[in-house]
Structure formats: C-alpha cells, structure tokens
Amino acid sequence: MSAIKSLFAGYFKINLLVKILVGLILGAIAGLLMQNNSDMIAFLTPFGDLFIRLLKMIMVPVIACTLIVGASTISPGHLGRIGGKLILFYMVTSVFAIIIGLAVGMVFQPGTGLDLAAVEGKARAAQAPSVISILLNIIPTNPMNSLSEGQVLPIIFFCLIFGIALAFGRDSADEAVRKSSDTVYNFIDGVSHAMFKVVHGVMQYAPFGVFALIFIVFSKNGATAFGPLANVTVSVYVGLVLQVVIVYFGVCLIMRLSPLKFLAKVRNPMVTAFVTRSSGATLPVSIDAAERMGVPKSIYGFGLPVGATINMDGTTIYLGVCAIFIANAVGVPLDFSQQLTIVLTAVLASIGTAGVPGAGAIMLLMVLESVGLKVEAGSAVAAAYGMILGIDALLDMGRTSMNVVGDMSGVVAIAKSEGELDMERWNS
C-alpha cells in the first residue's frame, strides 16, 4: 500500500507539461509499434473519450467564472486615462497577434496531408454564418440558454458585461451597493477557485488521455503524423518572432525608442517566462526590469499585473496556428468568417483566462467550438486536439515568454506617451 502511495506522490510531483509530453512520446511509439491494431484502438478509445468529455465539462464554468472575476477586478475608479490606454494597447496588440497567428498558419498550412477525417471515416463540416450574423450573434437573447448550450461568443460577451457592471458596483459610493457587489464577487471568485481545483484534477489525467489519443492517431497514420506536429511547432515560433519584429519593434519605432535596446532590456523576464512557463512567477522579474527601464511605478504597478491577467499575445498566436492545424488535419479549411470568429473569440476571451491552469488547452477548445469544429469524443477533431495537447509543453514556453514581452511593451509605450519614461535610465 505504501508503495502505491509513493507512486502516486511521485507522479503528482512531476511537472504536468512534462508528463503530457511523455504521454505524447509514449503514445506515438506505441502507435507506431502497433500499426492498425484494432483491439488496442478499441481498448484505448474510451480513455481518450473520457479526457475530451472532462475538458468539455469544465469549459463553460471556467470561462464564465474567470471572465467575470477578471473583468470585475479592474476598478473603474483606478482606470483613468493611463489605465484606459493600457487596456486599449493590450487589446490592439492581441488583435495583431491573432492575425499574425492566422497568417502564419495560412502560409505554413500545418496539418495539411494528415487527413484525420479520412482515417476516422467521417469529416465534420465547420459551417460558420456570415460576418454580420457573427457580430449580431455575439449578443445573446437568452444568456442562460447560451450557457446551457455552450455558445462561446454570447457567453464571453455576457460575462464581460456582467463583470464590468460588477466592477462599477464594487467601486460605488453607495455602501449597500458596494457590499452586495462584493458579496457577488466573492461568491463567483470562490466558485472560480473551486473550478481551478477541478481543472487541476482533470489535467492530472491529461497524460493518460493524450497517450490514448496519440496512440490512435499514430496507429492509424504511422510516421506521417510527425511532419504536421513539427510544422505546427515551427509555425507557432515563427509567429512569435513576427510579433516581436512587427508589433513590438513597430511600437518602439513609433515611440522613438530603440527596438534592440528594448529587446535587450526585456531579456531577463523573457527568459524567465520561457523557463518557468508562468507569467505570475515572472512578475517580480518584470517589475525589476520595468524599474530599470525607467518606467514609473504608477504605470508598471498597474500595467504589469493587469497585463498578466488580460494580455495574452503569445497565446493568441498559438490559437490561430493551432486552429488552422486542426482544421487542415480534419479536411475542413477555415473561411474568412470563421477566421473573424477566431479573432473575436481569442481577443475577448483573453480577459481573465490567463491565470487558469491549462488556459491554453481550454481556450483552444473554446475557439474550435466557436467555429463549428466540435471536439466530440471519438471525432477526428478530438484526435487532432489531442496531438496539440501532446506538444503543449514545447509551445507553452514560447507563448508565455511572448505574453510577458507584450506586457513590458505596453508599460514602456504608455510611459513614453505620457512623457513619464525616465530616459536617463532607459539609456543607461
């Protein structure tokens, strides 16, 4: 009995992303060794299906709670001109990030040739409405119905509006309104923390679910599945580099600051985020870097914690590339209206979800659902989704690093635009 306890204790001590990567590798090897083994495929299919069902179970409550908490955390009384400019900056750079992610995906076409739908024997058509319909359908006529049916964009819109209204209530001069708003906030925050525990438990099962999903893919497709995985990894990192060169360097040039100097000064938080894969853990290093760059505390003290919550440039690039990979892998290329839906979903959902364990996996699930690529147990989409989860450890390092660089770019740009950047420190 003690040996079993020690085994479980040792398992939980191993880094989650490492365990998922091991699940990918072992699943791929086992699948290659047992090509088209129908008995093993039949045996492992329920384990993969269980993981997909667990993820879908937590998607709506996690998104709803974290978006409301994230939106209501930003006090309207503390925003003002600087806060408003920072949030606008983060939103604009996130839009550029998802566009870059989609553009890189369209150029590299990851997933092309994999054709999981043909192997599964069933393709799922991703049919999206017109652009006007997409924009109108963001506003739910019945929020409860949207929640029960998992309609992603209406859920995001309603939760953001509710969270903003709650923020005004918490900032109210009326004590009764303030107390009742705080009660609602504390309740939803409590639910959010409870959901984090559920997510943590689900993600501990992820290595086994990924093993099962990857085994099935490689058993049916053989070694041809390796090429698309390498392609999607390269595509994500190319997108991250382009975000630095086009967006962040562009911001520096607009602000008449040296892009190379900016890159040198953000090296420490960038490397720390890459190694730790945590924006929160990198925050002290980011604050120290901002101080050394000459950004006043009044700006970085607000901008960096808020950026760690709502600014996810690296993650949005990842979402764009991975959505195209999965669409290509199942033989359903995305049209313009579906790409617009991805832009809206990724940018709006970025508020509040950055601190969620397994945020990238949950956001990708949400983005796929929003464009009609239903991640259902046993489907080709679920198999492609499992492949992405398998390499998530490799992608997470780059996207977390880019999330932090985006936060640093924001506070530097706002400080310079306000004439508050200490140029002596910047040039030192």
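Reader: Why is R425 called partly exposed?

Author: R425 has a relative accessible area of 37%. Buried means under 20%, exposed over 50%, and partly exposed in between (1.4 Å probe, protein chains only), so R425 lands in the middle class. Keep in mind that this is a predicted model: local features need pLDDT of at least 70, side-chain atom pairs count only at pLDDT 80 or more, and totals for chains, interfaces and linings use all residues. Residues are numbered from 1 along each chain as its sequence is written, and side-chain values use heavy atoms, leaving out hydrogens and water.

Reader: What makes R425 and E291 a salt bridge?

Author: The rule asks for a side-chain nitrogen of Lys or Arg within 4 Å of a carboxyl oxygen of Asp or Glu. Here the closest N and O atoms are 2.8 Å apart, so the pair qualifies. R425 sits in helix α20 and E291 in helix α13, 134 residues apart. Helices, by the way, are DSSP runs (H or I, at least four residues), numbered from the N terminus.

Reader: What does the salt bridge of E369 with K56 tie together?

Author: First the distance: 3.3 Å between the closest N and O atoms. E369 is in helix α17 and K56 in helix α3, so parts 313 residues apart in sequence are tied together. E369, at 8%, counts as buried, while K56, at 30%, is partly exposed. Together with K374, they are linked in a network of salt bridges.

Reader: Why is helix α18 called largely enclosed?

Author: Of its 11 residues, 11 are buried, so the rest of the structure largely encloses α18. Y385 and M387 are among them.

Reader: How do you know that the span of helix α10 agrees with 1.5 Å a residue?

Author: Expected span is 1.5 Å times one less than the number of residues. For the 29 residues of α10 that should give 42 Å, and the end C-alpha atoms are 42 Å apart, so the two agree. Even so, α10 bends by about 25° at Q243, the bend being the angle between axes fitted to the seven residues ending there and the seven starting there.

Methods. Helix = DSSP H or I, 4+ residues; strand = E, 2+ residues; numbered from the N terminus.
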